[in-house]
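Good morning, and thank you for coming. Please look at the structure on the screen before we discuss it.

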Amino acid sequence: MHIDPQERNYIVITIALVVIFATAILVSAFAYDIQVPVPYAEVNPNEVATPGISPWGDPLDERVRELAPNKYEAYILAQTWAFLPNRITIPKGSTITFYVTSKDVQHGFIIADTNINMMVIPGQVSTLTATFDKAGEYHFVCNEYCGVGHQTMFGTIIVEE
Amino acid sequence: MKSLITTASERKRPFFPQIALVWRIIFGTLFVITLLLGGFTTLKPVVVLPRITLAPGFNLVDQTGAQISNEQVRGGIALYNFTYSGCIDDCPQTTPLMAEVQARVAQLETGGIPVKLVTISIDPEHDTVEQLAAYADAHNADPDIWRFATGSPMQIKSVIGGGFSTYYTEKEGKIKFDPAFMLVDGNGILRAEYRTAVPDTAIILRDINLLVEEAHNSTGPQKLAYEAAHLFLCYPD
């Protein structure tokens, strides 16, 4: 079979690229733990909003907890079509860890001007941490289409001086 | 004049032998790396606990009135829990498990590595040194293994809330807290969190054994195997 040398070079380069990318995926997945958002924990979506047994069932004002000065954790429940709570007030310089889960369908959670952007899957807890060094209002929205009321799913983080 | 038509004999060139040696080396190396990676991650020749974060520093007072700090505990494996002496009725009970672990570590072969238990009070205003001494006696705490710590509310908040990320609060005189146990290795690194009131004692002991093995074996060339296990997330199931 005759293959033009130049053509053959391109075939070899193509195969090499496939092998290199496959290796890169394996290395990043196993060595650097770069994965699609994996469940931090699993919950029962039918019971996740039950008061007393789940932090997402606590009263709204208790779902944002101060662990220590300037260190917070927030348990946010996504549901059609709202985030609960949808108004979080923290002082400037705070580090806050978000634990977000859904009790019905798949939602998204993105906070503008931060690197927080994650899927919210019923039965799983998505978690990320951000530090807010600038005072102001940060808006978060659902960025995964979840039904006719999708556009009403938003909230605000108020970072006070 | 050279013919424009190529003859069959000229066309017939085997494909693979013409791949340059450099490509064979590249493909071969990638293949071997892939095999090694796959083998290491699936076979898990060495199992380690994840390095979660640095355990917090603290400087508190124990049930005898003596100083207790993270530096004193360092060098040994430490299991922490957070509770208070008035934790009764529907309050989540974590101290019985600590007592069970205390009984079990006495029989553990650790090869000289001390295993310590530390209970930090989340109600320091009521848990005085005397109160903690009585609480320790009530649970048959061996003062060489198991110590109880208290301090100022601010110190405690920064250790438990800030350092171990465990929430507790006092509302209308009633203390509410998330039961949790923390396992810290001899280097002061948090290696396991058990965020429940009733974790499996067998799993806690398995994890303590893993830390003991790691402390003994991760020297010399074997250290590389342990680092690889960390890199490739060879964690226990």
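Among contacts in chain A between residues at least 6 apart in sequence, what percentage join residues at least 24 apart? The figure is 57%, where two residues are in contact if their C-beta atoms, placed from the backbone, lie within 7 Å.

A word on the source. This is a predicted model, in which local features need pLDDT of at least 70 and side-chain atom pairs count only at pLDDT 80 or more, while totals for chains, interfaces and linings use all residues. Residues are numbered from 1 along each chain as its sequence is written, and chains are lettered from A and ligands numbered from 1 in the order in which they are written.

Chain A contains 1 helix and 11 strands; these are DSSP runs, H or I of at least four residues for helices and E of at least two for strands, numbered from the N terminus. Along the sequence, the pattern reads α-β-β-β-β-β-β-β-β-β-β-β.

Now the overall dimensions. The C-alpha atoms of chain A fill a box of roughly 75 × 35 × 30 Å along the principal axes.

Of the 161 residues of chain A, 24% are buried, that is, with 20 or more other C-beta atoms within 10 Å of their own C-beta, placed from the backbone.

Finally, the contact between the chains. Chain A contributes 17 residues and chain B contributes 21 residues. On the side of chain A that touches chain B, the elements giving two or more residues are α1 (5–30), β2 (64–68) and β3 (71–79) of chain A. The most comes from α1(A), with 7 residues.

Definitions and conventions. Buried ≥ 20, exposed ≤ 12 C-beta atoms within 10 Å, placed from the backbone.
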